Amino acid sequence: MQAITASDRDADVSGLTLTDLPHPHAAENDVIVRVHAAGFTRGELDWPGTWSDRAGRDRTPSVPGHEVSGVVAELGYGTTGLTVGQRVFGLTDWARNGSLAEYVAVEARNLAPLPADVDHTVAAALPISGLTAWQGLFDHARITTGQTVLIHGAAGAVGSIAVQLALEVGARVVGTGRSADRDAVLALGAHTFLDLDADRLADAGEVDVVFDVIGGDILARSAALVRAGGTLVTIAEPPTVRPKDGRAVFFVVEPDRARLADLVQRLRDGRLGVRVGAVRPLTEAAAAFAPDRRIPGRTIIRVTED
């Protein structure tokens, strides 16, 4: 099969190549998915799991990409809950070969059934962003109706879904981003937009929850905005500053089949939108990791035509 592989950590994006690899093996409780569409995170070439397995052993050449939508081609021993020929989508393991390939081995529990009326390119844009937004807001921050939530990077993949989910639960949403993001964030329904380059972060006022995807100085300065009893949640880095009389949480998204099913149903009902930007073939996946211009929406790799 063909796959995008990374072999040299120092080479970064320039080290990504289209390679012929053996067909993956289905371990116990695995499925082999014929990949129709795949999503990736540009920063994943810096992740330890890209280069080593869970025991710390080198696993190059490795296949990046951790969001997949496709069709079950094979079941491993003991696998239940899915069938050959079924449409599925979900997350691949951080420390195993990923989805930028024609086939990928995935633990069955990491996948959810994909309804026939949802395109694979849309489904591939949902797992990491949707689960991250949900887990950050509800599992870690435990937001409730009437609270105020500050969402950094509100026009991005995670942030835009977080805005929609927070609004649905009845929260007041303050979104941040660049000036070019203002219209997109307000169109999602955010009550206020702050330009991180031009506006004062303090203008957000006190909030119950900060959801951060940026890190650095923005993360550090946001702690002071959290009122007593509130929560600062970040996926960027472990926070070095904590809110006074509040909590600070750093987390990495986890697979959740039931939540994936819920998110895709919200998408079908029109309660949730996912913005897909460019759709590129597998042969252009390496170039997609380092675009020469900013492209609104997720870039998705189309591997197999329906």
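Mentor: The largest pocket has a volume of about 1600 Å³. Keep in mind that this is a predicted model.

Trainee: OK, which residues are closest to the centre of that pocket?
Mentor: Of the 45 residues that line the largest pocket, Thr41, Gly156, Ala157, Val158 and Val213 are the closest to its centre.

Trainee: And which elements give two or more residues to the lining?
Mentor: Those are α2 (127-140), α3 (157-168), β9 (172-177) and β15 (298-302). The biggest share comes from α3, which gives the most to the lining, with five residues.

Trainee: How does the lining of the largest pocket split by class?
Mentor: You get 25 nonpolar, 13 polar and seven charged residues.

Trainee: What about the second largest pocket, what's its volume?
Mentor: The second largest pocket comes to about 160 Å³. Its lining includes Met1, Leu21, Pro22 and Pro24, plus Val63 and a set from Arg96 to Ala105 that includes Asn97, Gly98 and Tyr103. By class, that lining divides into nine nonpolar, two polar and one charged.

Trainee: Let's go back to α2. Is it buried or exposed?
Mentor: α2 is mostly covered, with twelve of its 14 residues buried. Among them are Pro127, Ile128, Trp134 and Phe138.

Trainee: Which helix does α2 cross, and at what angle?
Mentor: Look at α6, residues 257-269: the axes of α2 and α6 come within 10 Å and cross at roughly 105°. Angles of 65 to 115 degrees count as roughly perpendicular, so α2 and α6 are roughly perpendicular to each other.

Trainee: Which residues make that contact?
Mentor: On the α2 side, Pro127, Gly130, Leu131 and Trp134. On the α6 side, Arg259, Leu260, Asp262, Leu263 and Arg266. By class, the contact of α2 with α6 has five nonpolar, one polar and three charged residues.

Trainee: Some of those numbers are three or four apart. Why would residues with that spacing point the same way?
Mentor: An α-helix has 3.6 residues a turn, so residues three or four places apart point the same way.

Trainee: Can we zoom in on one residue? Where is Ser129?
Mentor: Ser129 sits in helix α2. Its relative accessible area is 3%, and the limit for buried is under 20%, so Ser129 is buried.

Trainee: What does Ser129 touch, leaving out residues up to four places away in sequence?
Mentor: Ser129 touches Glu67, Ala157, Val158, Ile161 and Arg298.

Trainee: What follows α2?
Mentor: α2 is followed by Arg142, which is found in the loop between α2 and β8 (148-151). Arg142 has a positive phi of about 55° although it is not a glycine. At 51% relative accessibility, Arg142 counts as exposed.

Trainee: Now Asn29, what's its phi?
Mentor: Asn29 has a positive phi of about 70°, and it is not a glycine either. You'll find Asn29 in the loop between β2 (16-20) and β3 (30-39). At 37% relative accessibility, Asn29 counts as partly exposed.

Trainee: New topic: where is there a cis peptide bond?
Mentor: A cis peptide bond joins Thr60 and Pro61, with omega about 0°. Pro61 is in the loop between β3 and β4 (67-75).

Trainee: What about Leu45, buried or exposed?
Mentor: Leu45 counts as buried, at 4% relative accessibility. Leu45 lies in the loop between β3 and β4. Leaving out residues up to four places away in sequence, Leu45 touches Ala6, Asp12, Val13, Leu16, Thr50, Trp51 and Phe289. Leu45 and Leu16 are 29 residues apart in sequence and 9.7 Å apart in space, C-alpha to C-alpha.

Trainee: Last one, Asp183. Which helix is it in?
Mentor: Asp183 is found in helix α4, residues 182-187. Asp183 is exposed, with a relative accessible area of 62%. Phe193 is ten residues from Asp183 along the chain, and their C-alpha atoms are separated by 8.9 Å.

Methods
Residues are numbered from 1 along each chain as its sequence is written. This is a predicted model: local features need pLDDT of at least 70, side-chain atom pairs count only at pLDDT 80 or more; totals for chains, interfaces and linings use all residues. Side-chain values use heavy atoms; hydrogens and water are left out. On a 1 Å grid over the protein atoms alone, a cavity is a set of points where a 1.4 Å probe fits but cannot get out, and a pocket is an open set with protein on both sides within 12 Å along at least five of seven lines; lining residues have an atom within 4 Å of a point. Grid points are joined across faces, edges and corners, and a volume is the space filled by probe spheres set on the points. Helices (H or I, at least four residues) and strands (E, at least two) are DSSP runs, numbered from the N terminus. Ala, Val, Leu, Ile, Met, Phe, Trp, Tyr, Cys and Pro count as nonpolar, Asp, Glu, Lys and Arg as charged, and the others, Gly among them, as polar. Axes are lines fitted to C-alpha atoms, for helices over the stretch in contact, and angles run from 0 to 180 degrees between N-to-C directions. Angles under 35 degrees count as roughly parallel, over 145 as roughly antiparallel, 65 to 115 as roughly perpendicular and the rest as oblique. Contact means heavy atoms within 4.5 Å. Buried means under 20% relative accessible area, exposed over 50%, partly exposed in between (1.4 Å probe, protein chains only).
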